[in-house]
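Hello,

Here is the structure you will be working with. Please open it and keep it in view while you read the notes below.

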Amino acid sequence: PLSNNTELISFMGKLSVIRHAQASLMKADYDQLSDLGHEQATLLGTHLAEMDVHFDKVYLGTLKRHQQTATHILEAFKTRDKPFSMQKMDVEKSFI
């Protein structure tokens with residue numbers, strides 16, 4: 001038997017869910033990150049990389065704002081020599 005919760009937690013997997021950063025509301029193409037959204041995604045990527053977060057697999061939606069958010073996060077990880085690969089999936093249809 002496990003002697004404490006720490007052993008149990010290290011045995012279990014983790015799931016991280018990240019929503020896209022701020023989109024361009026009221027613009028001709030809503031499916032783009034706003035200037036603030038680009039900044040949010042970059043800051044999140046930097047924070048996650050500094051926290052030594054590791055992703056085994058990364059799945060993202062096919063919308064531009066999904067890809068832009070993930071790309072900013074990936075760039076932050078690359079600067080710390082912790083790159084990851086991404087796999088696109090049609091989230092809107094995958095769970096129907």
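This is a predicted model: local features need pLDDT of at least 70, side-chain atom pairs count only at pLDDT 80 or more; totals for chains, interfaces and linings use all residues.

Aromatic rings

Searching the whole structure gives three aromatic pairs. In one of them, the ring centres of F55 and F84 lie 5.6 Å apart and the planes meet at 75°; an angle over 60 degrees counts as edge-to-face, so this pair is edge-to-face. The two residues come from distant parts of the chain, 29 residues apart. F55 sits in the loop between α2 and β1 (58–60), while F84 sits in the loop between α3 (64–78) and β2 (86–88). F84 has a relative accessible area of 12%, so it counts as buried. The rings of F84 and F77 also pair: their centres are 5.3 Å apart and their planes are at 80°, so this pair is edge-to-face too.

F77 is buried, as is F84. F55 has a relative accessible area of 16%; buried means under 20%, so F55 is buried. Together, F55, F77 and F84 make up one aromatic cluster.

Surface patch

Which residues make the nonpolar surface patch? They are L25, M26 and Y30, and the patch is about 390 Å². M26 can be found in the loop between α1 (5–11) and α2 (35–50). Is M26 buried or exposed? Its relative accessible area is 77%, and exposed means over 50%, so M26 is exposed.

Regards

Key:
Residues are numbered from 1 along each chain as its sequence is written. Side-chain values use heavy atoms; hydrogens and water are left out. Patches are made of residues with over 30% relative accessible area and no salt bridge: like charges are joined within 9 Å, nonpolar side chains (Val, Leu, Ile, Met, Phe, Trp, Tyr) within 5 Å. Accessible areas come from the Shrake-Rupley method with a 1.4 Å probe; for residues, only the protein chains shown count as cover. A salt bridge is a side-chain nitrogen of Lys or Arg within 4 Å of a carboxyl oxygen of Asp or Glu. Helices (H or I, at least four residues) and strands (E, at least two) are DSSP runs, numbered from the N terminus. Buried means under 20% relative accessible area, exposed over 50%, partly exposed in between (1.4 Å probe, protein chains only). Rings of Phe, Tyr and Trp (its six-membered ring) pair if their centres lie within 6.5 Å; planes under 30 degrees apart count as stacked, over 60 as edge-to-face and the rest as tilted.
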